[in-house]
Amino acid sequence: MKRILTYTQIGLLAAAFLASSCEREKLDDVFAEGQFKSVSVSMPKEVVVGTGSNATLSSDALTLPVTINFDAPTSRAFVVNLSSNVDTIQTLIDNNTLPAGTIALGEGDFSLPPVLNVPIGVTSASFDLVIGRSFLERNHGKNVALAVKVTDAAKGNAIKAGQNSTVLTIKTGEVLTADDVHLVGFNTQSNVTTVSTFSRGSQDITVSIPLVLTGEAGSPFTVDVAEAPEVVAQITPQHELIPDAEWSIVATNIRFVTNSNVATLEISARRNKLTSVAQGGKMWAVGLKLTNPSRYVLNENKSSLVVVFNPDTFRPYNDSGPFRVLGAIGATSPMIVAAEYDYGGQGISYNDNNSKDGDANFRYPDGVDVSADYNPRSVIGWTNAGEWLTYSVIVEEAGVYEMNMIAGANNADGRYKVEFGSTVVAENKAATNTGGHNNQQPHYSEVTLPAGRHIMKVTWTAGNHDWRGIVFKRLR
């Protein structure tokens, strides 16, 4: 019984196998290569992209759909290879096929997929050519072009003879308006700026200069900055170049971060140098020039800058500016502190004719003798005849003032003179014996002060007293 069932099963299996083989033969007939209709692949000879095109513009790129055509609906999916030839464009320009002035896209200016996947049942398919926006903006108003070629249509499909490539011409003046062009430049009203704000180090000052990108910000990019002495000569010949050893650009490659329209350039300069006046009374200046933005376009009207340093800006010791002499009748001004003399160094803001006594570290490397006995530092000591100090001051109102010279000495030998600019307001005044240098006491006199900004100069015509500072009070 078991054997009969086994033979029956074998017979059934054989019959099923024969039936399956017949069906497979039918299917093989259906899917045989000859049953698939091949298509012919072609590209238009030229595509001109301008007003009304279906290109998409972003902050980073122009995306351009490019269409490949087939002479019949595709009967199955396949791939076709894509390539570009940048040399073709120059050849077409040379033989006048393309107008003179056309710019060929370079290898780094665009991206192109290596293959196009063609689906079943279509008469055309598209791929995206992506062109960097910076390239288009740098060539705004010109035509730019690229040759694209199709090869190796798979699965028996063919490339139509003579229609295997296209020349894409993009009219940048139409796909981009003038307002669409991003511009990188100095964020200043003119190409000359006079420094008014800065940060201070022990010997140097650092000036921050803003840069700006117009238009919608996108991916990060950089722009270089270089010293440009020729800019000073061209734009502001009335100023003098700061010697190279006295200043520097902190970083010559400036980075705009993602989605930011602003960046900052910093330059550093020796403060004492800036407080001096160049030959002929000229102010010091440096020239700067932006170059080589990694993206976008330089604003030619804002790519050069002259930075001018008014010595009056850098002389005051305090960041708040010059000492102020109050002009209201009866008003007593804050003390002009002796140790807070102007910046500028020996021969400019002070004259000290002996070694540095007192606190050797205070305002190093200045040679002014500042007593270490007071915190904060305020008192100047070890005074000698011929030594002097200067202070930037603003007198609010011209008039008669009480001048209180706060000084201490163990004898009556000290003498001093006070000048406001070229005007001597106090001559050969005595510093009386106060019983000791550390016992500074008021020394009053009436002086007439001119209004405005001045350099106040205190000179010791005979030394041997310590000096804390001067207080002015308006009398009339």
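Student: Given that two strands pair if DSSP finds at least two bridges between them, which residue in β24 is the bridge partner of V286?
Tutor: The bridge partner of V286 in β24 is V307, where strands (E, at least two residues) and helices (H or I, at least four) are DSSP runs numbered from the N terminus. Please keep in mind that this is a predicted model, in which local features need pLDDT of at least 70 and side-chain atom pairs count only at pLDDT 80 or more, while totals for chains, interfaces and linings use all residues. Residues are numbered from 1 along each chain as its sequence is written, and side-chain values use heavy atoms, with hydrogens and water left out.

Student: OK, and how many bridges join β22 and β24?
Tutor: There are six bridges between β22 and strand β24 (residues 304–309), and the pairing is antiparallel.

Student: What other strands pair with β22, and in which sense?
Tutor: Strand β17 (residues 221–227) pairs with β22 in the antiparallel sense over four bridges, and within that pairing E227 has L288 of β22 as its bridge partner. Strand β18 (residues 240–241) runs parallel to β22 and is joined to β22 by two bridges, with L241 partnered by A285.

Student: How many residues of β22 are buried?
Tutor: Six of the eight residues in β22 (residues 284–291) are buried, which leaves the strand mostly covered; buried here means under 20% relative accessible area, exposed means over 50%, and partly exposed lies in between, using a 1.4 Å probe and protein chains only.

Student: Switching to the open sheet, what is its strand order?
Tutor: The order is β26-β34-β29-β32, four strands with antiparallel pairing. Strands β26 (336–337) and β32 (444–449) stand at the edges with a single partner each, so one side of each has no neighbour in the sheet. Further in, β29 (residues 399–408) and β34 (residues 466–474) pair over eight bridges in the antiparallel sense, with Y401 standing opposite R474 of β34.

Student: Is E387 buried or exposed, and what is the nearest side chain of opposite charge?
Tutor: E387 is buried yet has no salt bridge, and the nearest side chain of opposite charge, that of K356, is 11 Å away. For the charges, Lys and Arg count as positive and Asp and Glu as negative, while His and the chain ends are not counted; a salt bridge needs a side-chain nitrogen of Lys or Arg within 4 Å of a carboxyl oxygen of Asp or Glu.

Student: Which backbone nitrogens does the side chain of E387 reach, then?
Tutor: The E387 side chain reaches the backbone nitrogen of N353 at 3.0 Å and that of N384, also at 3.0 Å. A polar contact is a pair of N or O atoms within 3.5 Å; within protein, one atom must be able to donate a hydrogen and the other to accept it, and residues adjacent in sequence count only if both atoms are side-chain atoms.

Student: Where along the chain is E387, and what is it in contact with?
Tutor: E387 belongs to the loop between β27 (350–351) and β28 (388–395). Leaving aside neighbours within four places in sequence, its contacts (heavy atoms within 4.5 Å) include D369, W382, V458 and W460.

Student: Last topic: how many aromatic pairs does the structure hold?
Tutor: The structure holds eleven, counting rings of Phe, Tyr and Trp (its six-membered ring) whose centres lie within 6.5 Å, with planes under 30 degrees apart called stacked, over 60 edge-to-face and the rest tilted. The F309 and F314 rings have centres 5.7 Å apart and planes at 45°, so that pair is tilted. F309 is buried at a relative accessible area of 1%, and F314 is buried at 0%.

Student: Which residues do ring pairs link into a cluster?
Tutor: The cluster consists of F323, Y391, W460 and W467, and W460 is one of the residues in contact with E387.

How values were computed:
Two strands pair if DSSP finds at least two bridges between them.
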